Amino acid sequence: MSYVLQYGQVWPYLPRLLEGALLSIQIAVLAFSGGLLIGTACAAVKSFGPRWAVAAVGVYVTFFVNTPQLVQIYFLYFVLPDSGILLSSYNAVLLGMTLNAGAYLTEIQRAGFESSRRSEIEAAEVLGFSRLQQIRYVILPHVARVLFPPLSNHFIIMTLGTSMASVFGVEELTGEALNVNALTFRSVEVFTITAGIYVVLTLVASTLLALFGRYAFRVRTRAA
Amino acid sequence: MLKKLALAGLVALTAFVATVAPAAARTLDDVISSGVIRVGVNPTLPPLGKFDEKNQIVGFDVDFATEIAKMLGVKLEVVQVGSPDRIPFVASGKIDVVMGAMTRNPERAKVIDFTVPAHTEVLGILTTEDKSFKDWKEMNSPDVTFVQVRGSTPVKFIEDNLPNAKVTLLDNYPDAVRALAQGRGTAMIDVMDFMQEHMDRHKSTKWKIVETPVDIYYCSLGVAKNSTGLKDWLNVAIFEMHRRGKTDELWKKWFGMDMIAPVKVTPYF
C-alpha cells in the first residue's frame, strides 16, 4: 500500500495560503527597500566617510553578515524584552530582515562604488561637483547598471527568506502552510502547493525586476 | 522568454512532485524481524519527553516506549519529533509509532490510526496573576491574545470556541511560555500537567492557573494507516501496562502526582 495524494482536502485553504503569500511579499519589499537605503548610506560612508564611521560600518556589516538571520531576529524578539524593548512579531521580523539586508547590500554596493572608473570621478571633481553630486550623478547611475542583477538576486533570496518569519508568529506563506498542515495533515499536498506558490512569486518578481532594469537602467539580462 | 521560464518552472515543480516517493509504513512483522521499533518522542514536553544532562531524550514517553519494546522483544530507537511534524513522520513511515501527547481526534484519525488511550491530559488556562479571568468562556474578546504552539490541538479549540480572541502562534513550548512571561499575550490554553517545568524557568513571573478545566483529552499512540497488525498488538500491550499498574507507576515517577483524570481500564476495546 502507498500514500494516496488528496489535493481536494487542501484546495479550500488556498485563500489562506495566498493571504500568507501577500504578507511574504510585503515583508520582502519593505525590508529590501529599508536595506537598500541603509546599504547605500553605509556604502557611501565606507568609500568616502571619516575613519571612525568606516570602522562603525565595518562592525555592523561584520556582525550581521556573519551571524544567521534567524538568530538575529530571535535576539530582537526574545532578548530585547528583557531590557524593556518589546517589539511585536511583525516589527521584530521586519527590523531583523532590514538590518540583515542592509549589511549585505552595503557589501554589494561598495563593490559597485569601487567599480566606478577613477577617471570619471576625477572628471567630475575637475568640473566642480561636490561629493554628493558625484555620488548622485556619476556613481549611482553607474552602480545601478552594474549592480542591478546582484541586487535583484538578493531580493529573490529575501523573498524566500521571509519563510523564517513563521517562527516568530508572523502568519506569512510558510506559517499558513504549517497551519493548514496542522488542520489537514496533508503534508505532501500542502507543501507541494506552497512550493508552487513560492516558484510563482519568485518567477513573477524576477521577470518584473528584469523588465524594470532593462528600461530604467538599460541593463542587458536574459530576462531572469 | 517568459514562456521558456514558465516551462522551466513547471518542469522543476513536476520533477519535485514526482520525487516524493510514497513511503511505506512497516508492519508488525517488519518491526519484529528488524529487531528495532522506532518511536517518535517530543522532547519539548517535559516530563513526557525532555533532554537530560547528557543530551539524551528521557521522560514518561521514553519509559513507556521502553516497556512496550521489552514486551515486543525488540530494541527501542527514540526519534525526536515536534508538534508540527510528528504526524507526517509517522504517516510517511519515518517512525513506527508516535508519542508526545497524541490526542486522538477525528481529523487526525483520517490520516493515522490510534491505539487505546495511554494517558489523559487536562486542558486548562495558564495566565498571570494580574489577569482577572475565572473561566475560559470569558475570554472570547479581541482584548485577549492567546500565545499557542503551532500545530497543537488547542489552536483549533480556540478557533472554534473563542473566535474573537487573537492568537500568536510560536514553534514550541519554551518559546510560547517565554513570550507569555514577557507579556506578549494574555494567556495560553494547553495541558496544565506539562506546564510546571516551563513555569519554573521564569521565576520572576507571577503565574496563575485558572482552576476550571477546559476539556479532557485522551492521548494514544499513533501508527500509520498501513502498518498492518501493529495497532492491534499495541492495544493489548497498553491494556497490560494499565492493568499491571505500570502506567500509574511511570506517571507518578515523572509527574510527581497521580494522573488528574486516569484512563479507566476496560477489557473491551
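In chain B, β1(B) and β5(B) run parallel and are joined by two bridges. Helices (H or I, at least four residues) and strands (E, at least two) are DSSP runs, numbered from the N terminus. Two strands pair if DSSP finds at least two bridges between them. The model is predicted: local features need pLDDT of at least 70, side-chain atom pairs count only at pLDDT 80 or more, and totals for chains, interfaces and linings use all residues. Residues are numbered from 1 along each chain as its sequence is written, while chains are lettered from A and ligands numbered from 1 in the order in which they are written.

**The sheet of chain B**

The strands β1(B) and β5(B) belong to an open sheet of five strands with mixed pairing, in the order β4-β1-β5-β12-β6. At its edges stand β4 (75-80) and β6 (112-114) of chain B; each has a single partner strand, so one side of each is left without a neighbour in the sheet.

| Strand pair | Sense | Bridges | Residue pair |
|---|---|---|---|
| β1(B) and β4(B) | parallel | six | B:V39 and B:V78 |
| β1(B) and β5(B) | parallel | two | B:G40 and B:V98 |
| β5(B) and β12(B) | antiparallel | two | B:V98 and B:G222 |

Strand β5 of chain B covers residues 97-98, and strand β12 of chain B covers residues 222-224.

Is β1(B) enclosed or open to the outside? Five of its six residues are buried, so β1(B) is largely enclosed by the rest of the structure. A residue is buried if 20 or more other C-beta atoms lie within 10 Å of its own, exposed if 12 or fewer, and partly exposed in between, with C-beta atoms placed from the backbone.

**Helices beside the strands**

Helix α3 (residues 60-72) of chain B lies across β1 (36-41) and β4 of chain B, and runs at about 150 degrees to β4(B). Such axes are lines fitted to C-alpha atoms, for helices over the stretch in contact, and angles run from 0 to 180 degrees between N-to-C directions.

Helix α6 (residues 153-161) of chain B has the buried residues B:T153, B:P154, B:V155 and B:I158. These pack against strands of chain B, namely β7 (119-128), β8 (145-149), β9 (166-170), β10 (187-191) and β11 (207-219), and also against α7 (173-184) of chain A. Two residues are in contact if their C-beta atoms, placed from the backbone, lie within 7 Å.

**Loops of chain B**

Most residues other than glycine have a negative phi, and most peptide bonds are trans. The peptide bond from B:P46 to B:P47 is cis, with omega near 0 degrees. B:P47 is placed in the loop between β1 and β2 (50-51) of chain B.

B:N55, in the loop between β2 and β3 (57-58) of chain B, is not a glycine but has a positive phi of about 65 degrees. B:N55 is exposed, with 7 other C-beta atoms within 10 Å. Phi is positive in B:A101 too, near 55 degrees. B:A101 lies in the loop between β5 and α5 (106-109) of chain B and counts as buried, with 23 C-beta neighbours inside 10 Å.

**Chain A**

Chain A has eight helices and zero strands. Its C-alpha trace spans about 75 × 50 × 25 Å along the principal axes. Of the 224 residues in chain A, 36% are buried. Among contacts in chain A between residues at least 6 apart in sequence, 75% join residues at least 24 apart.

How do α3 and α4 of chain A pack? Helix α3 (residues 69-79) and helix α4 (residues 89-115) of chain A pack at an angle of about 135 degrees, with their axes 9 Å apart. That makes α3(A) oblique to α4(A); angles under 35 degrees count as roughly parallel, over 145 as roughly antiparallel, 65 to 115 as roughly perpendicular and the rest as oblique.

In helix α1 (residues 14-48) of chain A is A:L22, which is partly exposed, with 13 other C-beta atoms within 10 Å. A:L22 and A:T207 are 185 residues apart in sequence and 18 Å apart in space, C-alpha to C-alpha.
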